[in-house]
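Have the sequence and the 3D view at hand as you read.

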Amino acid sequence: MNTHSVALIAIFLMIFQAQSQTPKTLTLEDIYKNNTYKEKGFGPVRWMKDNKGYSTLESNSEVGGKDIVKYDAKSGKRTILVSATQLIPEGETKALKISDYQWSTDDSKLLVFTNTKRVWRYNTKGDYWVLDLVTNELKQLGPNLPESTLMFAKFSPDATKVAFVSELNIFVQDLKTQTVEQLTTDGGDHIINGTFDWVYEEELSCRDGFRWSPDGENIAYWQSNTEGVGTFYMINNIDSIYSKPIPMPYPKVGTTLSAVKVGVIPVKGGETKWFDIPGDPKNNYLARMDFIPNSNEVMVQQLNRSQNENKVWIGDIETMKLNNILTETDDAFLDIHDDIRWLDNASYFTWSSERDGWLHLYKVSRDGKEITPITKGNFDVVNINNIDAKGGYVYYIASPGNFTQRYLYRSKINGKGTAQRITPVSQDGQSKYQISSDAKWAIQTFENTTTPSVFSLVSLPAHKTVRVLEDNSALKQKYDALGINDKEFIKVDIGDDVLDAWMIKPKDFDASKKYPLFFYVYGEPAGSTVQDNWAGGDLWHHYIADQGYVVISVDNRGTKTPRGRDWRKSIYGQIGILASEDQSKAATEILNTYNFLDPERVGIWGWSGGGQMTLNCMFRYPEIYKSGLAVSFVSDQRLYDATYQERYMGLLEDNAKGYHDGSPINYAQNLEGNLMVIHGTADDNVHYQSYEMLVDRLIKYNKLFSMMSYPMRSHSIHERENTSYHLRETMEKYWKANLPAGGK
């Protein structure tokens, strides 16, 4: 090789090294169109009943579809439990696509959920198939029923039958004879059996609406009567030359709710017996119902309409007698918690409560007379992961020292001693766990703002990593190659409280210059924006920062963070009022603190509740916010669903002024800066009506603004081709035109 060739190679190597060291440019196309930064998941994972291993789904390269495989926790040995070849229906060539699956109690049968379709927000209806692992026979449930109409199929305790809902009625199929018995026949029109209306699903997380009795002889179920509930109509204008109305029963603030009751019907057929729970069924919620283990009794939680009283009833399904064993109250509102576990041969149950000012777990006797704390201290239990009755511990997520992070703790069930942190101190960020029932093993998911999800098998309680299951290392390398600035977590003292916030600066940040300030807001009790988690890398805000903005998000009082009852309940009766005040004080303090921020270029944006908060900030504090962008927002709180809005605002008849003052539409006349509003016309959650009413009001006051509608897109504005990419480009164009970027 001559000297000239060596020199050329050296030059090429230098060019390659320079290119490889140059940070990759973050683009909207890569984020929203090419899925360049898509995170890998792991699972779904199910711990086996022997607690020695877990099952998961893995692709079968030979026939397609997925195998259900088992991994031994200790050795890592892999065993195929069910091959995709066993899930090929007779006469077909492709295996069933597994959307969900469940084992019978004796592990002799497998129930597969497939061919799913969406009901409101979730894919809860589809087809079910049963694989008999002894005979290897694969049979479809309800073969004569309409395709993709089955919901919530469940094995009977002895695995001889499966019950399910189809077209608002409950059915039972005998797995030996394959005969199908229709238990209810009145479903349809206003009657819903075994599942729920829109508002129960959305606001109370109620979807599966029936339960097998422990002896398999009866089924207890919810029935909803939507008669009298107002019908809201969405309009499909784009899939036909004639418009098509889409009706949905939707109770708005102050209007009629569904009448809901709980009944019991024999599996062999017959009449339903109904519990006569005191109170007007149209002005109470039956938020939870389940059988007490090894009994003929159900526990029912009844929330009053104001959602500040929760009565716990024990009902005998033979005598239909009811006993109110516990009543939880709050001066503001109550949340429903799914933390009930039965202990000591079902003589005690666990119960979550904020009665001492923090969210803690309690042990309650079956008659409700004994209530003793399990967890104690000035911190909130975020969620319960495992109650190990044999080992004597409850494992839960908490974060006493940093409200933006989440760690695994454990406390003794007898309430003695102090909380013990299990997550290593080296793992700053947030961790979630799937723990085996004996609490010896767990699948940990660890993440923070710069680390995508890392899935690991750990042994407990020592929290020793046995093996890493998925580390998303390729995504981490792509993220690091962007060369973007990390989120900086900061504190903002607004006088009334010290708020958590984060800040992202542009790549080429120069502290001697002044940059436009770009706020991202949510501000309502349903969520929090200031968390030390991955959140998809929050690439939209990193992208905006690199266009020449300083991006900041602040959690005002009332957001869903583990800061105690008083913090969360402070917003009661004043949604939109307290939060926008806190946000304005935070903006003022931030502008006074950081000299590199330009007070003449302050923008704010948010989605859903954050869209409402954006409007309230723009209309109430026009001297601070110069530009705003509100997406899928509530303009008048009376337009939103009764269950959510009344929980946090009280009843309209008791707080008419709060509803008026918290609704941004009533301050539209104060708009001074630039505003853009965006909404999907098929938003079943926050209706397009909210958008149109605000537009009408702005026109009335001759306020000029920008607007964009997305036809037949829902609350998340993501359906149909190219939607997400188009939405983000539209947003970027607005910001660059109305909030000039770059340091000056």
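**A walk through two sheets**

Strand S30 (residues 407–412) pairs with S31 in the antiparallel sense over two bridges. Strands here, like helices, are DSSP runs numbered from the N terminus (H or I and at least four residues for helices, E and at least two for strands), and two strands pair if DSSP finds at least two bridges between them. Within this pair, Arg410 stands opposite Gln420 in S31.

Before going further, please keep in mind that this is a predicted model, in which local features need pLDDT of at least 70, side-chain atom pairs count only at pLDDT 80 or more, and totals for chains, interfaces and linings use all residues. Residues are numbered from 1 along each chain as its sequence is written, and side-chain values use heavy atoms, with hydrogens and water left out.

Now step back to the sheet around that pair. It is an open sheet of four strands in the order S28-S29-S30-S31, with antiparallel pairing. Its edge strands, S28 (383–388) and S31 (420–421), each pair on one side only.

The UniProt record, an unreviewed entry, annotates residues 104–452 as "domain: Dipeptidylpeptidase IV N-terminal"; UniProt positions follow the numbering used here, feature names are shortened, and annotations may be inferred rather than shown by experiment. Over residues 104–452 the chain is 2% helix and 48% strand, and the end C-alpha atoms are 35 Å apart.

Next comes another open sheet, in which eight strands follow the order S36-S37-S39-S38-S40-S41-S42-S43 with mixed pairing. Strand S36 (488–493) and strand S43 (706–710) are the edge strands, each pairing on one side only. Neighbouring strands of this sheet are turned by 20° against each other on average, direction ignored. Inside it, S37 (residues 498–504) and S39 (residues 550–554) pair in the antiparallel sense over four bridges, and Ile504 has Val551 in S39 as its bridge partner.

Which strands does helix H12 touch? Helix H12 (residues 723–738) packs on the sheet and touches S38 (515–520), S40 (597–607), S41, S42 and S43, where contact means heavy atoms within 4.5 Å. The direction of H12 makes about 165° with that of S41; axes are lines fitted to C-alpha atoms, for helices over the stretch in contact, and angles run from 0 to 180 degrees between N-to-C directions.

Finally, look at Tyr621, in the loop between helix H8 (609–620) and strand S41 (627–631). Tyr621 counts as buried because its relative accessibility is 18%, buried meaning under 20% relative accessible area, exposed over 50% and partly exposed in between (1.4 Å probe, protein chains only). Not counting residues up to four places away in sequence, Tyr621 touches Ser580, Glu581, Ser584 and Asn616.
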